[in-house]
Amino acid sequence: MTASLTLVVLMAVLFGAGISVMLERSLTRVLIGFLLVGNAVNILIYLMSGTPGLAPILGEGVDADEISDPLPQAFVLTAIVINLGITAFMLALIYRSWWLAKLGAKGDLVDDEAELAEDAEETADLIRSSAADDEAIQSLIEASDEEFDGIDDELEREASTRDADDEEARR
């Protein structure tokens with residue numbers, strides 16, 4: 001048995017075991033089956049890459065026909081990254097289903113009554129402090145002896161006097 005025939009048999013066993021495990025109902029078994037199929041795909045890409053050769057770096061004295069094709073290596077790396085991402089997603093799904101099963105009949109409904117009561121209390125405190133601030137400002141304005149009605153006229157007169165003084169200084 002040669003090395004490539006061994007890899008073909010290993011790939012076939014991984015595909016068969018992965019698909020049969022993926023047909024189970026448990027999410028954990030689906031994840032294990034997916035990992036087996038992902039590894040089988042990596043071996044398939046490796047087998048399809050052809051005969052091994054020199055490093056895929058073209059330099060002086062290196063014949064272009066003797067180097068390995070770098071594309072299958074990139075495919076295998078991409079397959080590994082995709083396999084890792086889907087594995088993380090499946091683990092999150094498994095954890096979520098375990099958590100929901102642990103809650104039982106309560107299901108996805110988690111009581112937030114304590115948190116809602118705390119938020120309502122904070123909002124009421126903010127409204128009370130805001131109303132108290134408004135009342136304090138209004139009482140200060142009413143207690144003030146300044147009058148704001150004639151201020152606009154005084155400012156206009158003062159500005160026109162300055163403008164006249166500036167024109168005389170320019171002459």
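Predicted model: local features only at pLDDT ≥ 70, side-chain atom pairs only at ≥ 80, totals over all residues.

Q: How is a pair of aromatic rings described?
A: You give the distance of the centres and the angle of the planes. In this structure there are two aromatic pairs. One joins tyrosine 95 and tryptophan 98, with 5.7 Å centre to centre and 35 degrees between the planes. The other joins tryptophan 98 and tryptophan 99, at 6.3 Å and 50 degrees.

Q: Why do both pairs count as tilted?
A: Planes under 30 degrees apart would be stacked and those over 60 edge-to-face, so the rest are tilted. That covers the 35 degrees of tyrosine 95 and tryptophan 98 and the 50 degrees of tryptophan 98 and tryptophan 99.

Q: How are tyrosine 95 and tryptophan 98 placed along helix H3?
A: They're three residues apart in helix H3 (residues 71-103), so about one helical turn separates them.

Q: What does relative accessibility say about tryptophan 98 and tryptophan 99?
A: Partly exposed lies between the buried limit of 20% and the exposed limit of 50%. Tryptophan 98 has 46%, so it's partly exposed, and tryptophan 99 counts as partly exposed too, at 33%.

Q: Now the charges: which residues form the negative surface patch?
A: Asp112, Glu113, Glu115, Glu118, Asp119, Glu121 and Glu122. Take aspartate 119 from that list: it sits in helix H4 (residues 113-143), and its 36% relative accessibility makes it partly exposed.

Methods
Residues numbered from 1 in each chain as written. Heavy atoms only, no water. Patch = residues over 30% accessible without salt bridge, like charges linked within 9 Å, V, L, I, M, F, W, Y side chains within 5 Å. Areas by Shrake-Rupley, 256 points an atom, 1.4 Å probe, with all protein chains shown as cover. Salt bridge = Lys/Arg side-chain N within 4 Å of Asp/Glu carboxyl O. Lys, Arg positive; Asp, Glu negative; His and termini not counted. Charge placed at Lys NZ, Arg CZ, Asp CG, Glu CD. Helix = DSSP H or I, 4+ residues; strand = E, 2+ residues; numbered from the N terminus. Buried < 20%, exposed > 50% of the residue type's maximum accessible area, 1.4 Å probe, protein only. Phe/Tyr/Trp six-rings, centres within 6.5 Å; stacked < 30°, edge-to-face > 60°.
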